[in-house]
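Here are my notes on this model, as numbered points.

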Amino acid sequence: RRHIATILTTIFATTLLATAALPAQKVQLGSRAVTPVVAPVADLPPVIHLVLDGHIGIEGIPVDIDGGEELRNTLLEFFDKWGFRVYGRAYSKYFMTYGSISNMVNGEASAIDAGLVDITSHAGKPGWKPRQNTYFQQYAGSGYRIRVYQTEYLDFCQDFNGKMEHCYQYSSSSPRLARNLDLPATEKAGLILGSYLGKSAIANGLRTYYNKGRSLIANTWLPEWSQKNYAFSSLGVPEVIRQLETDLSQSARGRLYFAHLLLPHGPYVWDQDCRMRDDSDTWLSRRLEHEDLLTLSNPQYRETAYKIYFQQTRCTVSLLDTLFTSIEQSGLLDEATIIIHGDHGSRITVSDPVAPMAEYTTDRDYIDAFSTLFVIRSPEIEPGYDGQTRAIQHLFAELVLGM
């Protein structure tokens with residue numbers, strides 16, 4: 001007991017050094033090439049499929065919040081410029097990513113766990129993979145080879161031996177993403193320490209009891225122990241998009257590119273010009289208590305979060321514009337099929353639409369939770385705007401799978 005402070009300090013210092021300064025451990029991150037049994041059919045036009053995690057739908061954008069109307073107009077003008085068909089009232093039938101995408105690639109809208117199997121990722125964290133994937137099977141059977149860009153959370157790279165050509169995996173949560181940030185060393189250290197403590201049941205329990213005790217003291221002078229956002233999900237995505245751009249410029253024909261991109265997913269670290277916010281205290285997430293489904297947020301936090309979410313979404317548009325310009329310069333734009341959609345809404349709610357919170361959930365919460373983007377560009381599809389209320393699972397089955 002006499003040496004506990006020294007022991008804990010040493011443990012943290014060692015962990016911090018290993019995370020922030022030493023070379024990364026050899027884990028399955030980055031490119032992982034796979035040699036397919038059969039070469040792709042060279043005259044097949046490329047298919048580029050981008051899942052923009054947490055992207056709200058065009059008509060779901062809250063235009064009563066500053067920046068909302070401008071973002072809506074920006075998206076409409078952007079997708080019109082690039083010749084997309086826009087489904088402005090698209091929505092997902094699922095609140096969680098694994099249910100939304102795994103059912104969608106099978107042309108289904110069934111019970112939330114249908115087609116899923118629990119797995120353990122390379123880092124020992126729980127993840128998901130589709131039990132089946134009609135989408136990949138269909139395109140692989142037509143002669144396409146598949147290239148995937150994903151996190152460890154939802155794994156599409158397994159079970160396609162002979163048809164999977166390339167798998168690029170990036171981390172959705174590793175504090176190693178903080179190593180190269182243009183931030184003061186002390187702030188980096190705080191982010192890394194916080195990311196570990198945020199996963200600690202002991203630390204979270206202490207915070208809960210502290211805040212409860214504080215609330216019992218009238219006119220308390222004790223500061224609130226707030227839950228800062230220590231996620232790193234969106235930090236690595238611009239690099240992934242640049243990697244995709246490079247890969248497309250080399251040999252795109254006969255290939256299906258599938259990328260699950262954690263943008264405009266939180267934390268909201270990018271301004272509209274894709275410059276990182278230099279104060280990590282402003283890296284908000286969708287909810288006041290950062291992903292706690294059973295905790296009410298409040299309208300003031302929702303408005304603040306949406307304002308910076310709008311900026312991160314505009315950054316996403318800028319990254320896509322650069323990507324499409326590169327595809328156009330390669331001469332492939334007119335023949336390529338490009339599919340872009342979200343997996344659920346922004347989920348910047350006051351009350352999440354889960355059963356225990358039903359009495360608090362409003363119509364606006366449902367829109368924030370389920371309204372999502374769906375646009376598609378293809379030589380066979382007429383550009384324009386479609387205002388029908390359609391589930392992305394049904395749109396994908398009809399327009400992509402032909403079901």
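**Notes on the predicted model**

1. R302 is buried, with a relative accessible area of 10%. The model is predicted. R302 forms a salt bridge with D368, and the closest N and O atoms are 2.9 Å apart. The pair links distant parts of the chain: R302 sits in helix α8, D368 in helix α9, and 66 residues separate them. D368 also counts as buried, at 0% relative accessibility. The cut-off for buried is under 20% relative accessible area.

2. Next, R287 and D352. They form a salt bridge whose closest N and O atoms are 2.9 Å apart. This pair, too, links distant parts of the chain, 65 residues apart. R287 is in the loop between β8 (255-261) and α8 (299-329). D352 is in the loop between β9 (337-341) and α9 (363-370). R287 counts as buried at 1% relative accessibility. D352 is buried as well, with a relative accessible area of 0%.

3. Which residue forms a salt bridge with D386? The partner is R85, with the closest N and O atoms 3.7 Å apart. D386 lies in strand β11 and R85 in strand β3 (residues 85-87), so the pair ties together parts that are 301 residues apart in sequence. D386 is buried, at a relative accessible area of 10%.

4. The structure holds 16 salt bridges. Side chains of opposite charge can pair when their charged atoms come close. Beyond the pairs above, there is a network: salt bridges link R147, E165, D247 and R255.

5. Now the chain as a whole. It has 10 helices and 11 strands. Of its 403 residues, 51% count as buried. Among contacts with a separation of 6 or more, 74% come from residues 24 or more positions apart. The accessible surface of the chain comes to about 18600 Å². Carbon and sulfur atoms account for 53% of that surface.

6. Where is S378, and is this residue buried or exposed? S378 is in the loop between β10 (374-377) and β11 (384-386). At 11% relative accessibility, S378 counts as buried. Its side chain makes a polar contact with the side chain of E380, at 2.9 Å. Leaving aside neighbours within four places in sequence, S378 is in contact with A336 and T337.

Methods. Residues are numbered from 1 along each chain as its sequence is written. This is a predicted model: local features need pLDDT of at least 70, side-chain atom pairs count only at pLDDT 80 or more; totals for chains, interfaces and linings use all residues. Side-chain values use heavy atoms; hydrogens and water are left out. Helices (H or I, at least four residues) and strands (E, at least two) are DSSP runs, numbered from the N terminus. Buried means under 20% relative accessible area, exposed over 50%, partly exposed in between (1.4 Å probe, protein chains only). A polar contact is a pair of N or O atoms within 3.5 Å; within protein, one must be able to donate a hydrogen and the other to accept it, and residues adjacent in sequence count only if both atoms are side-chain atoms. Contact means heavy atoms within 4.5 Å. Accessible areas come from the Shrake-Rupley method with a 1.4 Å probe; for residues, only the protein chains shown count as cover. A salt bridge is a side-chain nitrogen of Lys or Arg within 4 Å of a carboxyl oxygen of Asp or Glu.
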